[in-house]
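User: Could you walk me through a few local features of this protein chain?

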Amino acid sequence: MAGEGKVFGEEIVKEVLFRVHRFSPDGGGARMQEYRVPVRRGMTVLEGLHYIRDNLDATLSYRFSCRMAICGSCGMFINGLPRLACQTQILELESDLIEVKPLPNYRVIKDLVPDLSPFFEKHRSLMPYIIRQDEPEGELLQSPEELNAYLQFAYCIKCGLCYAACPTVATDEEYFGPQALAQAFRYTADSRDGGWEVRMEVACSPEGLWHCHFAGACSEACPKGVDPALAIQLLKGEAVFVRWGLKRLHPPAPEAPKVTEGKRREGIPEPPPPTVSKEE
Ligand code: SF4
Ligand code: FES
């Protein structure tokens, strides 16, 4: 414990039991190991694991980086749901037992560390980038309305929680999964993109979007409000409407004209004279 009556320099409000999944590829089967952890107000499950690692068991393996729900590395199965450990406060779980397991639907490398390679390979296979025939050098024009068509889906941090929650992934490991398909929609809906045909061909393959049964578990698990289930249904709509000729594809957004003459807006004062002469 960091100090008598304190943890991480703050008052302890209770003690909970962490029951943590342990697994080593070097030998021995998987098991659950228990640790008593003092909790302060606002303490996250990730900080609970730090406490265990720093004070009780330095061999515990888990993945994290940013500690602020940005990097997507700390996904775990916490008290029966896929969550980010750094975003989950222990007191908000309203339980004296905190059970922490690795994310389902992934192979376990060690303790709480899943192998995310299949998840990222599927993401890559759906070409999550702007595809164009030309090679623009300047900015591409896009209106606020065009941005809003995909913005929500661009908030994905690739944490893999949706993939862990998906019942279709659980029964069919070939299925692309919610994250990859949501990102396929994110780029298909981007007015700067010209890759509709090639990306949709992959998305509509047997492992693709028609496998989604719209269980919605992915959207419930998503910590960033991306709503991958919605993206997949919109992608299905795209596939049907365009193929049946009910929607026309637009050419990708044009390049913005180069600024040749800068004009100062009215009322904006002139800049102060330079403090260093240009000759120096
Ligand atoms: S869609 Fe949500 S849950 Fe899935 S990887 Fe992206 S941020 Fe994580
Ligand atoms: S540590 Fe980065 S999302 Fe949790």
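Predicted model: local features only at pLDDT ≥ 70, side-chain atom pairs only at ≥ 80, totals over all residues.

Here are some questions and answers on a helix, a surface patch and a loop residue.

User: Is helix α6 mostly enclosed or open, and how many of its residues are buried?
Analyst: Buried here means under 20% relative accessible area. The run from P178 to T188 includes buried residues such as Q183, F185 and R186. Helix α6 is largely enclosed by the rest of the structure, because the number of its residues that are buried is 11 of the 11.

User: What covers the buried residues of α6?
Analyst: The cover includes several other helices. Among them are α2 (117-125), α4 (161-165), α5 (167-171), α7 (196-203), α8 (217-221) and α9 (228-243).

User: Which residues make the nonpolar surface patch of about 410 Å²?
Analyst: One member, F241, sits in helix α9. F241 is partly exposed, at a relative accessible area of 42%, and patch members need over 30%. The residues that make the patch are F241, W244 and L246.

User: Is S95 buried, exposed or partly exposed?
Analyst: S95 belongs to the loop between β6 (81-84) and β7 (97-101). Its relative accessibility is 23%, and the class between 20% and 50% applies. So S95 counts as partly exposed.

User: Which residues does S95 contact, leaving aside its neighbours within four places in sequence?
Analyst: S95 and L17 are 78 residues apart in sequence, yet their C-alpha atoms are 9.2 Å apart in space. Contact asks for heavy atoms within 4.5 Å. With those neighbours left aside, the contacts of S95 are K14, V16 and N79.

User: How far is the backbone oxygen of L97 from a polar side-chain atom of S95?
Analyst: A polar contact requires N or O atoms within 3.5 Å. For the side chain of S95 and the backbone oxygen of L97, the distance is 2.9 Å.

Terms used. Residues numbered from 1 in each chain as written. Chains lettered and ligands numbered in written order. Heavy atoms only, no water. Buried < 20%, exposed > 50% of the residue type's maximum accessible area, 1.4 Å probe, protein only. Helix = DSSP H or I, 4+ residues; strand = E, 2+ residues; numbered from the N terminus. Patch = residues over 30% accessible without salt bridge, like charges linked within 9 Å, V, L, I, M, F, W, Y side chains within 5 Å. Areas by Shrake-Rupley, 256 points an atom, 1.4 Å probe, with all protein chains shown as cover. Salt bridge = Lys/Arg side-chain N within 4 Å of Asp/Glu carboxyl O. Polar contact = N/O pair within 3.5 Å; in protein donor to acceptor, adjacent residues only side chain to side chain.
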